[in-house]
Amino acid sequence: LLERSRGGDPVATSNALGHLKLARGRLDLAARNYAVALQYDPDNAEALLGLAVVNWRRATGAEPVRRRELLREADRTLQSIPSASIHYPVALYDRIQVALALAEVDRALVLLRRYESLSPRDGWMRALRDAVERADQS
């Protein structure tokens, strides 16, 4: 990651630092780094994806109302990633997970169909489909 940032690109540097902070569980610092990347490039899909993951991770263990707010914010951020982005399939996968976390099974099913059309042979598809089906049967 840091090798990518050596060219002095502030977006690449901020994203690389954000990823490192996220991996270490330093969510506030990761969010700050992604925010810096977004100041330079407000549509940067990599930073948007990172920021969504930060909010998703913050939701873990939060009180129920705050948890819903954070998951909704993560979903809004993931929705803003354009379908032409190389990060779109990952964002769509994460949106399915967020929908399941919010107990929005119908929306998860719709998103799952969209994901299947993009990545029909994806190695994660079976586990994802199983998770959605389990939630649908609950």
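1. A nonpolar core is a set of buried Ala, Val, Leu, Ile, Met, Phe, Trp, Tyr and Cys residues joined through side-chain atoms within 4.5 Å. Keep that in mind as you look at this model, which is predicted. Its largest nonpolar core holds 24 residues. Good places to start are L22, Y34, V54, L78 and I81, the members with the most contacts inside this core.

2. Where do the residues of this core come from? The largest share, eight residues, is contributed by α3.

3. Next, have a look at I81. Leaving aside its neighbours within four places in sequence, I81 is in contact with A45, L48, L49, H87, Y88 and A91.

4. There is also a second, separate core, made of 16 residues. Among them are Y88, A99, A108 and V132.

5. Now for a helix pair. How do α3 and α5 cross? The axes of α3 (residues 45-59) and α5 (residues 88-101) come within 11 Å and cross at roughly 20 degrees. Angles under 35 degrees count as roughly parallel, so α3 is roughly parallel to α5. The crossing of these two helices is left-handed.

6. Which residues make the contact between them? On the α3 side they are L49, V53 and W56, and on the α5 side V90, A91, D94, Q97 and V98. Sorted by class, the contact of α3 with α5 has six nonpolar residues, one polar and one charged.

How values were computed
Residues are numbered from 1 along each chain as its sequence is written. This is a predicted model: local features need pLDDT of at least 70, side-chain atom pairs count only at pLDDT 80 or more; totals for chains, interfaces and linings use all residues. Side-chain values use heavy atoms; hydrogens and water are left out. Axes are lines fitted to C-alpha atoms, for helices over the stretch in contact, and angles run from 0 to 180 degrees between N-to-C directions. Helices (H or I, at least four residues) and strands (E, at least two) are DSSP runs, numbered from the N terminus. Angles under 35 degrees count as roughly parallel, over 145 as roughly antiparallel, 65 to 115 as roughly perpendicular and the rest as oblique. A crossing is left-handed if the near helix is turned anticlockwise from the far one by less than a right angle, and right-handed if clockwise. Contact means heavy atoms within 4.5 Å. Ala, Val, Leu, Ile, Met, Phe, Trp, Tyr, Cys and Pro count as nonpolar, Asp, Glu, Lys and Arg as charged, and the others, Gly among them, as polar. Buried means under 20% relative accessible area, exposed over 50%, partly exposed in between (1.4 Å probe, protein chains only).
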